[in-house]
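Student: I would like to go through this structure one question at a time. Please begin with the terms we need.

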Amino acid sequence: MTHFEWDHNKDSHNQEKHGVSFSYAQYAFFDPERIIAEDLDHSQKEKRYYCFGMVDNEILTVRFTYRNNIIRIIGAGYWRKGRKLYEKENKLHK
């Protein structure tokens, strides 16, 4: 079973800025075609990742890390770069 957590203040800020709640963002991880990629631009000690997954016919990008075998969501939104990567990797044409 997959477990998720997040900072509730960051969740509120993300909803204001990107219109996506972290509870909704969890669904990207359940897309069987999802793509997980390491965030190579993140320079802190903790590794960060992206999940690109389809939710309600839209490609959602979720930034996250692993802490104690729990997925900690850091940010989420609908970004063109994530959609393009997902479409390319899954050979979708829109």
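Tutor: Helices (H or I, at least four residues) and strands (E, at least two) are DSSP runs, numbered from the N terminus. This is a predicted model, where local features need pLDDT of at least 70 and side-chain atom pairs count only at pLDDT 80 or more, while totals for chains, interfaces and linings use all residues. Residues are numbered from 1 along each chain as its sequence is written, and side-chain values use heavy atoms, with hydrogens and water left out.

Student: Thanks! In what order do the strands of the open sheet lie?

Tutor: Two strands pair if DSSP finds at least two bridges between them. The open sheet has five strands with mixed pairing, and their order is E1-E5-E4-E3-E2.

Student: Which strands stand at the edges?

Tutor: An edge strand here has a single partner strand, so one side of it is left without a neighbour in the sheet.

Student: At about what angle does H3 run to E3?

Tutor: Axes are lines fitted to C-alpha atoms, for helices over the stretch in contact (heavy atoms within 4.5 Å), and angles run from 0 to 180 degrees between N-to-C directions. For helix H1 (residues 8-18), which lies across E1 and strand E5 (70-77), the angle to E5 is about 25°. Helix H3 (residues 80-89) lies across E2, E3 and strand E4 (58-67), and its angle to E3 is about 75°.

Student: Is Thr61 buried or exposed?

Tutor: Buried means under 20% relative accessible area, exposed over 50%, and partly exposed in between (1.4 Å probe, protein chains only). Thr61 lies in strand E4, and among the residues it touches are Tyr50, Gly75, Trp79 and Gly82. Its relative accessible area is 2%, so Thr61 is buried.

Student: And what is the relative accessible area of Arg34?

Tutor: Arg34 sits in the loop between H2 and E2. Its contacts include Phe29, Cys51 and Tyr86. Arg34 is partly exposed, with a relative accessible area of 38%.

Student: How many residues has the largest nonpolar core?

Tutor: A nonpolar core is a set of buried Ala, Val, Leu, Ile, Met, Phe, Trp, Tyr and Cys residues joined through side-chain atoms within 4.5 Å. Ala25, Phe29, Leu60, Val62 and Ile73 have the most contacts inside the largest one, and its residue count is 16.

Student: Which element gives the most to the lining of the largest pocket?

Tutor: On a 1 Å grid over the protein atoms alone, a pocket is an open set of points where a 1.4 Å probe fits, with protein on both sides within 12 Å along at least five of seven lines; lining residues have an atom within 4 Å of a point. Residues including Glu38, Tyr50, Thr61 and Trp79 line the largest pocket. E2, E3 and H3 each supply at least two residues of the lining. With three residues, the element that gives the most is H3.

Definitions and conventions: Lists of a residue's contacts leave out its neighbours within four places in sequence.
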